[in-house]
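Visitor: Hi! Could you walk me through this one?

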Amino acid sequence: MLAYRHAFHAGNHADVLKHLVFAEVLRHMAAKDKPFTVVDTHAGAGGYSLESRYAQKNAEAATGIERLWTRDDLPPALARYVALVREFNGGGPLEQYPGSPAIAHLQLRPTDPLHCFELHPTDERILRAYLGARGPHGKVAHSDGFAALAHELPPPSRRGVVLIDPPYELKADYARTLAAVREALTRFATGVVLVWVPQLATVDSRELPRRLLNAAASATGATKGALHARLTVTETDARGFGLAGSSMVVINPPHGLADTLREVLPYLVKVLGQFAGASHLLDVK
Ligand SMILES: C[S@@+](CC[C@H](N)C(=O)[O-])C[C@H]1O[C@@H](n2cnc3c(N)ncnc32)[C@H](O)[C@@H]1O
């Protein structure tokens with residue numbers, strides 16, 4: 001039984017960090033002519049109405065994309081990300097929010113393969129309809145993204161980006177994420193691997209970024225470094241519940257990503273921070 005629906009969270013502060021980093025990585029990859037493959041292991045529905053009852057329930061977009069939408073002082077990378085969201089809305093008002101498959105679809109060339117995995121039947125059906133336009137270069141599978149990843153690597157072009165973005169509702173997701181990253185690096189040491197991690201008051205959540213950086217450092221192949229970017233926007237409640245912020249870990253980050261984040265993260269603290277202790281961290285290995 002899958003309880004998690006990303007529609008409740010679309011466009012929140014965690015989506016902003018995740019999709020900004022993902023978009024910048026894809027932009028860098030698309031700067032070279034050679035095709036590259038994107039594997040999205042936990043793809044969601046591809047796009048979300050911000051006017052649906054799901055999105056309206058906690059109005060999470062108000063903590064994220066809505067705070068950026070009308071700013072005229074965005075750093076360049078954030079301006080590019082907001083431009084993608086604008087494109088997804090056909091240039092009109094902010095009514096829809098693009099999920100990771102849409103962020104990819106908007107930036108890939110027609111011949112860059114996009115392979116998505118999604119277990120929720122409704123989200124998988126919506127995603128399949130959306131990505132149908134990619135023809136043979138778009139694959140949507142109703143299967144376990146962790147298990148599928150190994151079969152995707154290395155991609156035929158030997159250039160690729162993997163996004164691992166589980167719901168972490170199951171405790172096992174932490175260990176499965178780490179195992180999937182280790183396996184991915186064994187098969188494809190030069191791949192760019194992005195992992196989203198929630199900032200919760202649990203040991204698993206606190207430790208996963210460090211474990212992922214260690215996995216990158218001890219991978220036997222030719223990995224070219226890693227970084228951990230964390231954005232803390234709020235406090236957990238008195239019982240330690242709630243999403244204080246989130247992290248993106250990027251293994252084999254493209255040249256320039258760390259500098260981009262050095263500029264963007266303090267801006268996001270200023271604009272998305274909800275308490276005086278809002279902060280960021282950027283750990284570059
Ligand atoms: C955080 S959401 C994904 C959001 C999406 N990556 C985005 O950025 O727009 C996680 C998704 O993973 C799906 N899911 C959960 N376990 C899965 C698994 N083992 N394999 C594939 N999908 C899974 C959930 O149904 C949910 O839609």
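Guide: Angles under 35 degrees count as roughly parallel, over 145 as roughly antiparallel, 65 to 115 as roughly perpendicular and the rest as oblique. Axes are lines fitted to C-alpha atoms, for helices over the stretch in contact, and angles run from 0 to 180 degrees between N-to-C directions. Helices (H or I, at least four residues) and strands (E, at least two) are DSSP runs, numbered from the N terminus. This is a predicted model: local features need pLDDT of at least 70, side-chain atom pairs count only at pLDDT 80 or more, and totals for chains, interfaces and linings use all residues. Residues are numbered from 1 along each chain as its sequence is written.

Visitor: Great. At what angle do helix 4 and helix 5 cross?
Guide: Roughly 95 degrees, with the axes of helix 4 (residues 76–88) and helix 5 (residues 100–107) coming within 10 Å. Helix 4 and helix 5 are therefore roughly perpendicular to each other.

Visitor: Which residues make the contact?
Guide: Leu-84, Glu-87 and Phe-88 from helix 4, and Ala-102, Ile-103 and Leu-106 from helix 5. Contact here means C-beta atoms, placed from the backbone, within 7 Å.

Visitor: Switching topic: what order do the strands of the open sheet take?
Guide: Eight strands line up as 5-4-1-6-7-9-8-10, with mixed pairing. Two strands pair if DSSP finds at least two bridges between them. The edges are strand 5 (138–141) and strand 10 (279–284), each pairing on one side only.

Visitor: Do strand 1 and strand 4 run parallel or antiparallel?
Guide: Parallel: three bridges join strand 1 (residues 37–40) to strand 4 (residues 114–117). Asp-40 sits opposite Cys-116 of strand 4.

Visitor: And how many bridges link strand 8 to strand 9?
Guide: Seven, in the antiparallel sense, between strand 8 (residues 226–232) and strand 9 (residues 245–251). Leu-227 has Val-250 of strand 9 as its bridge partner. Strand 8 also pairs antiparallel with strand 10, over six bridges, and Thr-232 faces Ser-279 there.

Visitor: How many residues of strand 8 are buried?
Guide: Seven of its seven. Buried means 20 or more other C-beta atoms within 10 Å of a residue's own, exposed 12 or fewer, and partly exposed in between, with C-beta atoms placed from the backbone.

Visitor: Last one: which residues of helix 7 are buried?
Guide: Gly-145, Leu-149 and Glu-152, in helix 7 (residues 145–152). On the other side of helix 7, Ala-147 and His-151 are exposed. The buried residues of helix 7 pack against strand 1, strand 4, strand 6 (160–164) and helix 8 (172–187).

Definitions and conventions
Contact = placed C-beta atoms within 7 Å.
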